[in-house]
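Have a look at the structure first, then read on.

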Amino acid sequence: MTDSLSIQNVTYKRGMKTILHDANLTLAPGKIVGLLGENGAGKTTLMRLITGSAKGAGDIMVSGDTAEADRKRHVSFSEQLRGFAGNTKLTRIIAFYETVYEDFEADRFTELATFLQIDTSLKLAALSKGMKEKLVIALTLARRTNLYLLDEPFSGIDSMSRKKIINSIIQWKPENATMVISDHYVSEIAPILDEIVIVKDQTIYAHRQADEVREEFHIGIEAYYESLYERGNDND
Ligand SMILES: Nc1ncnc2c1ncn2[C@@H]1O[C@H](COP(=O)(O)OP(=O)(O)OP(=O)(O)O)[C@@H](O)[C@H]1O
């Protein structure tokens with residue numbers, strides 16, 4: 001089966017500063033992948049490179065396609081709701097998604113909105129930070145596509161809701177789709193992860209099967225992740 005994602009020798013600079021250098025990563029279909037790294041490591045940048053909203057050197061392929069338009073079509077990325085004014089009704093945002101994305105399924109969105117208790121009669125400005133994040137999750141997962149990129153989707157969401165969403169996220173993921181979740185709450189997402197990818201030292205520093213880490217290190221994924229920082233720059 002075609003890889004969901006292939007990143008080869010990707011380098012990205014902003015001015016004189018190298019953000020990512022010679023990054024390589026291949027993800028198979030059907031996985032839930034934790035994208036971990038410190039603040040400023042380059043996780044968001046990597047997601048932007050995948051969708052084509054940031055442009056670097058190297059090769060990126062999503063579900064076998066390299067062209068930016070095709071990559072965008074295959075990827076549902078949890079872009080913030082930056083483009084929408086506060087007085088925009090949620091119903092208008094939902095209608096916009098339906099128009100722009102052929103694979104946006106309104107029924108699926110309604111199910112997600114019910115599950116996440118989103119009041120779709122409101123305007124955007126009436127939502128709390130956590131509710132906005134829930135809306136972003138619902139909009140992102142309501143598309144039926146090959147690759148989902150969720151950039152710190154739970155940071156403003158209360159811990160009860162966070163656990164509920166994490167435990168049920170697999171049910172919203174199409175079987176052969178791969179979902180990449182960046183998060184700082186490593187211990188909370190660890191149980192659902194198939195693989196972990198660590199961004200460190202301006203590159204993809206480690207890519208491991210979650211089970212392999214659990215068996216080999218006899219420690220949790222969070223402890224493994226923390227140990228990489230304690231060991232400094234020794235790669236494994
Ligand atoms: N618009 C920008 N202009 C200049 N530098 C930028 C810009 N966006 C990101 N950077 C730099 O790129 C690096 C990677 O940032 P990025 O947002 O990808 O990190 P991150 O791993 O997602 O961090 P966090 O966990 O804090 O969200 C940082 O050093 C950041 O300062």
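Around the ligand sit R14, I19, G37, N39, G40, A41, G42, K43, T44 and T45, where a residue counts as near if its C-beta atom, placed from the backbone, lies within 6 Å. By class, that shell has two nonpolar, six polar and two charged residues. Here Ala, Val, Leu, Ile, Met, Phe, Trp, Tyr, Cys and Pro are nonpolar, Asp, Glu, Lys and Arg are charged, and the others, Gly among them, are polar.

Before going further, a word on what you're looking at. This is a predicted model, so local features need pLDDT of at least 70 and side-chain atom pairs count only at pLDDT 80 or more, while totals for chains, interfaces and linings use all residues. Residues are numbered from 1 along each chain as its sequence is written. The protein chain has a mean pLDDT (the predictor's confidence in each residue, from 0 to 100) of 92, and 96% of its residues reach 70 or more. The scores are ipTM 0.94 and pTM 0.93.

Which helix gives the most to the ligand shell? That's helix 1 (residues 43–51), with three residues; helices (H or I, at least four residues) and strands (E, at least two) are DSSP runs, numbered from the N terminus. Its buried residues are K43, L46, M47, L49 and I50, buried meaning that 20 or more other C-beta atoms lie within 10 Å of the residue's own, with C-beta atoms placed from the backbone. Seen down the axis of helix 1, they fall within an arc of 160°, so they line one face of the helix; the arc is that of the directions from the helix axis to the C-beta atoms. After helix 1 comes G52, with a positive phi near 95°.

Now the strands. Two of them pair if DSSP finds at least two bridges between them.

| Strands | Sense | Bridges |
|---|---|---|
| Strand 1 (residues 5–14) and strand 2 (residues 17–27) | antiparallel | seven |
| Strand 6 (residues 147–151) and strand 7 (residues 178–182) | parallel | five |

In the hairpin of strand 1 and strand 2, two residues lie between the strands, and G15 takes a positive phi near 60°. R14, one of the residues around the ligand, stands opposite K17 in strand 2.

Six strands make an open sheet with mixed pairing, in the order 5-6-7-3-8-9. Strand 5 (75–77) and strand 9 (203–209) are at the edges with a single partner strand each, so one side of each has no neighbour in the sheet. Within this sheet, D151 has S182 in strand 7 as its bridge partner.

Notes:
Buried ≥ 20, exposed ≤ 12 C-beta atoms within 10 Å, placed from the backbone.
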